[in-house]
Amino acid sequence: MQWRRHVSGLAFSIVFVVTYFTNKFVLSVLKFTYPTLFQGWQTFIGAVLLLLSGKLGWVEMSRITRSAALSWLPGSLLFVGNIYAGSRALSRIEIPFFFTLQNSSHVVSYIISRVIHREKVQWLKFFSICLMLLSAINLPLYDPQFDYSGYLWAVCHLFCVGAYRVFQVHYKPSNLSDLEQQCINYLFSVLLLAIAAHPTGDLMAALEFPSLQSHTFHCGCCASALLGFLLLLVTVKLKSGLSIEYFWVWIFLSKVTAMSLSPFIFYVDVNAPALICVVLSHVGEALLVYSDTEAQS
């Protein structure tokens with residue numbers, strides 16, 4: 001049983017890293033920076049594959065009632081903000097810096113939980129939150145390739161991720177599984193992003209995209225959509241076999257792996273102060289995972 005968990009964790013890490021690298025390639029190398037279309041394509045394929053898998057009995061999904069879907073809509077709205085802003089930010093920020101900023105979503109989750117749900121203060125957790133916050137605040141000061149727009153979208157992204165995390169824990173309808181939640185997210189995203197494609201100018205701009213007829217671009221887009229769906233499946237599989245605390249351990253290890261390998265795949269301009277911010281942020285994340293594990297033991 002233990003070896004199966006390790007295999008599931010390893011599979012999750014591999015798919016996680018390859019998915020982020022593929023998205024980064026399409027967004028930064030090919031420069032397809034039209035998130036309503038890119039994310040709309042990914043969520044459309046994800047919705048089709050998820051509904052097909054449920055219909056064929058490959059995954060367990062029940063019929064989603066209208067009341068359950070409506071109660072989950074705030075989560076779906078945060079999900080759209082997460083993927084849209086995340087796509088904008090990742091296209092302009094290197095992967096190690098992106099994850100450092102993304103870690104600050106834990107600060108948002110912590111503040112919401114403290115203010116609304118009156119969670120007790122755990123000092124190790126509080127210290128880890130401070131480390132992640134200070135790292136994110138100082139990173140823009142030392143990033144050699146600082147991009148104001150990229151960091152602005154990263155802030156939007158981390159707020160949506162942090163709020164979504166709290167919503168998923170405290171407001172999850174008891175009759176919705178993780179796959180059913182994601183199905184609603186996919187369908188809502190397809191609808192909203194399709195509506196937004198023309199007003200944002202993405203639709204017309206994409207028609208003039210230089211690599212529109214490139215096989216590399218077509219392969220990158222297909223791979224990103226399929227990998228996104230595969231990441232969902234391995235995530236659900238891993239969560240079902242582990243406690244949430246050990247699930248976060250695998251996420252942490254996957255992020256560290258992606259950051260360590262990214263300089264070998266993409267050009268990353270980094271200096272010593274920026275590297276210290278990255279390291280301290282992930283030390284803070286490791287302490288957060290440890291404090292949550294200790295709290296549940």
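Buried, in this briefing, means under 20% relative accessible area, exposed means over 50%, and partly exposed lies in between, with a 1.4 Å probe and protein chains only. By that rule Lys31 is exposed, because its relative accessible area is 55%. The structure is a predicted model, in which local features need pLDDT of at least 70 and side-chain atom pairs count only at pLDDT 80 or more, while totals for chains, interfaces and linings use all residues. Residues are numbered from 1 along each chain as its sequence is written, and side-chain values use heavy atoms, with hydrogens and water left out.

**Overall architecture**

- The secondary structure of the chain amounts to 12 helices and 0 strands, where helices (H or I, at least four residues) and strands (E, at least two) are DSSP runs numbered from the N terminus.
- The radius of gyration, taken over C-alpha atoms with a globule rule of 2.2 Å times the number of residues to the power 0.38, is 19 Å for the chain, which agrees with the value near 19 Å that a compact globule of 297 residues would have.
- Along the principal axes, the C-alpha atoms of the chain fill a box of roughly 50 × 50 × 40 Å.
- Of the 297 residues, 47% count as buried, and the chain exposes about 15100 Å², of which carbon and sulfur atoms supply 69%; accessible areas come from the Shrake-Rupley method with a 1.4 Å probe, and for residues only the protein chains shown count as cover.
- Contact means heavy atoms within 4.5 Å, and among the contacts in the chain with a separation of 6 or more, 87% are between residues 24 or more positions apart.

**Buried helix and buried positions**

- Helix α4, which spans residues 95-102, is mostly covered, with 8 of its 8 residues buried; they include Phe97, Phe98 and Phe99 as well as Thr100 and Gln102.
- Thr43, a residue of helix α2 (residues 35-56), counts as buried because its relative accessibility is 2%.
- Not counting residues up to four places away in sequence, Thr43 touches Phe79, Ile83, Tyr186, Ser189, Val190 and Leu193.
- Ser109 is placed in helix α5 and counts as buried at 8% relative accessibility.
- Leaving aside neighbours within four places in sequence, Ser109 is in contact with Gly162, Arg165 and Val166, and its C-alpha atom is separated by 8.5 Å from that of Phe159, which is 50 residues apart from Ser109 along the chain.

**Surface and loop features**

- Ile111, Val115, Ile116 and Tyr171 make a nonpolar surface patch of about 400 Å²; patches are made of residues with over 30% relative accessible area and no salt bridge, with like charges joined within 9 Å and nonpolar side chains (Val, Leu, Ile, Met, Phe, Trp, Tyr) within 5 Å.
- Val115, found in helix α5 (residues 105-117), counts as exposed at 53% relative accessibility.
- Lys31 lies in the loop between α1 (2-29) and α2, and Lys31 has a positive phi of about 60 degrees although it is not a glycine.

**Salt bridges**

- A search of the whole structure finds 3 salt bridges, each defined as a side-chain nitrogen of Lys or Arg within 4 Å of a carboxyl oxygen of Asp or Glu.
- Arg92 pairs with Asp147, the closest N and O atoms being 3.4 Å apart; Arg92 lies in the loop between α3 (66-90) and α4 and Asp147 in the loop between α6 (123-142) and α7 (148-170), so the pair ties together parts that are 55 residues apart in sequence.
- Lys239 forms a salt bridge with Asp178, with the closest N and O atoms 3.3 Å apart; Lys239 lies in helix α10 (residues 215-241) and Asp178 in helix α8 (residues 178-197), so the pair ties together parts that are 61 residues apart in sequence.
- Lys255 and Glu285 meet through their side chains in a salt bridge of 3.1 Å, N to O; Lys255 lies in helix α11 (residues 244-265) and Glu285 in helix α12 (residues 272-296), so the pair ties together parts that are 30 residues apart in sequence.
- Both Lys255 and Glu285 are buried, whereas Arg92 is partly exposed at 40% and Asp147 counts as partly exposed at 22% relative accessibility.

**Cysteines**

- The structure holds 0 disulfides, a disulfide being a pair of cysteine sulfur atoms within 2.5 Å.
- The sulfur of Cys130 is 15 Å from the closest cysteine sulfur, in Cys277, which is too far for a bond.
- The sulfur of Cys222 is 6.8 Å from the closest cysteine sulfur, in Cys219, again too far for a bond.
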